[in-house]
Amino acid sequence: MSTQDTLKHKLDHTDADGKQEYTITVYAENRIGLLNRIAIIFSKRKINIESLNTSPSEIDGIHRFNIVITEGYEVVRKLARQIEKQIEVLKVYFNTNDEIIWQELALYKVSTDEIAEKVTVERLLRQYGASAVVIRKDYTVFAVTGHREETDALVKALEPYELIEFVRSARVAIIKDSAGFHEKLKEFEAIEPGEELIENEFLDKGEKIFTM
C-alpha cells in the first residue's frame with residue numbers, strides 16, 4: 001500500500017486492539033540527520049520500532065529504509081504521511097506481512113564439542129537449514145535465514161546444548177506487487193517533467209557585453 005492507496009484494507013492477523021505488524025518502506029536520499037528525524041517521528045508518538053534496516057536501493061544514490069512496527073492501519077497511514085514530509089524522502093509505502101517477501105539473518109555460536117559429541121545438535125542444525133560460517137576448536141558459528149518465528153525456534157532448540165551467543169539482523173523486505181521504484185520515478189517525471197535547459201544567449205559574448 002502507498003500513502004495514497006484507497007483499496008480496502010485487510011484486517012487479517014490483527015490483535016484485540018486492531019494492531020498488526022507492518023513494514024514501512026522509505027525511499028530517500030542518504031543524508032546526515034534523516035534517520036534521527038525519522039526516529040523522532042516514532043518516539044514522539046511512543047511507537048516502538050521493532051526492526052530497522054537501511055541499505056542502497058536499485059537506484060544509484062537512493063537508499064531504502066525498512067521499518068517494522070506493530071500498530072493499527074490509521075496510525076501507520078498517518079506515520080507514512082509524516083515521514084513523506086521530510087525533504088529528502090521521495091516515497092513511503094507500508095505493507096502487511098502478506099504483501100511482502102521478507103527474511104532475517106540469524107547467527108548462532110555453539111560449542112564445537114557439543115556438535116561433535118551429540119548427534120541431536122547436528123540434526124537440529126540440518127533441520128533448520130543452518131550453514132557453518134566459522135569453525136574453531138572452541139566454538140562454531142552457524143547462519144540461518146528465515147522468518148523470526150523460525151530463528152527463535154532454533155534458539156529454544158539449542159538452549160540445552162550450550163548456545164554461547166545469538167544475534168539476529170533487521171528485516172529485509174521486498175514488496176510483492178511492485179515494479180520497482182525506478183518505475184515510480186518515471187511516473188513522477190511524466191507528471192512533473194524537469195524544466196527544459198535554456199541556453200544563455202550571451203554565454204559566448206562575454207567580452208562584448210562586459211567591456212566598457
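Not counting residues up to four places away in sequence, S111 touches D138, Y139, E162 and I164, where contact means heavy atoms within 4.5 Å. S111 lies in strand β5; helices (H or I, at least four residues) and strands (E, at least two) are DSSP runs, numbered from the N terminus. With a relative accessibility of 7%, S111 counts as buried, the term for under 20% relative accessible area, with exposed meaning over 50% and partly exposed in between (1.4 Å probe, protein chains only). The model is a predicted one, in which local features need pLDDT of at least 70 and side-chain atom pairs count only at pLDDT 80 or more, while totals for chains, interfaces and linings use all residues. Residues are numbered from 1 along each chain as its sequence is written, and side-chain values use heavy atoms, with hydrogens and water left out.

The chain has seven helices and nine strands, and 38% of its 212 residues count as buried. Among contacts between residues at least 6 apart in sequence, 77% join residues at least 24 apart.

Four strands form an open sheet in the order β2-β3-β1-β4, with antiparallel pairing; two strands pair if DSSP finds at least two bridges between them. β2 (51-56) and β4 (89-96) stand at the edges with a single partner strand each, so one side of each has no neighbour in the sheet. From one strand to the next, the twist averages 15°. Strand β1 (residues 20-29) pairs with strand β3 (residues 62-71) in the antiparallel sense over ten bridges. Within this pairing, T25 has N66 of β3 as its bridge partner, and E29 has I62 of β3. β1 also runs antiparallel to β4, to which seven bridges join it; here the partner of T23 is N95 of β4. Nine of the ten residues of β1 are buried, so β1 is largely enclosed by the rest of the structure.

Helix α1 (residues 34-44) lies across β1, β2, β3 and β4 and runs at about 15° to β3. Such axes are lines fitted to C-alpha atoms, for helices over the stretch in contact, and angles run from 0 to 180 degrees between N-to-C directions. Helix α2 (residues 73-84) packs on the sheet as well, touching β1, β3 and β4, and its direction makes about 165° with that of β4.

Which residues of α1 are buried? They are L34, I38, I41 and F42. These residues cover an arc of only 90° around the axis, which puts them on the same side of α1; the arc is that of the directions from the helix axis to the C-beta atoms. On the other side of α1, N36 and K44 are exposed. The cover over the buried residues of α1 includes β1, β3, α2 and β4. K46, which follows α1, has a positive phi near 55°.

Attention now turns to S57, in the loop between β2 and β3. S57 counts as buried because its relative accessibility is 17%. Apart from its neighbours within four places in sequence, S57 is in contact with Y27, I62, H63 and R64. The C-alpha atoms of S57 and F181 are separated by 8.6 Å, although these residues are 124 apart along the chain.

Elsewhere in the chain, helix α4 (residues 119-127) has V121, L124 and L125 as its buried residues. They span an arc of only 95° around the axis, which places them on the same side of α4. Exposed residues V119, R126 and Q127 are carried by the face turned away from the buried side of α4. The buried residues of α4 pack against β5 (100-111), α3 (112-117), β7 (139-146) and α5 (148-158).

Two packed helices are described by the angle between their axes and the distance between the axes. For α4 and α5, the angle is about 180° and the axes are 11 Å apart. That makes α4 roughly antiparallel to α5; angles under 35 degrees count as roughly parallel, over 145 as roughly antiparallel, 65 to 115 as roughly perpendicular and the rest as oblique. V121, L124 and L125 of α4 make the contact with L154, A157 and L158 of α5. The residues of this contact of α4 with α5 divide into six nonpolar, no polar and no charged, where Ala, Val, Leu, Ile, Met, Phe, Trp, Tyr, Cys and Pro count as nonpolar, Asp, Glu, Lys and Arg as charged, and the others, Gly among them, as polar. Just after α4, G129 takes a positive phi of about 70°.
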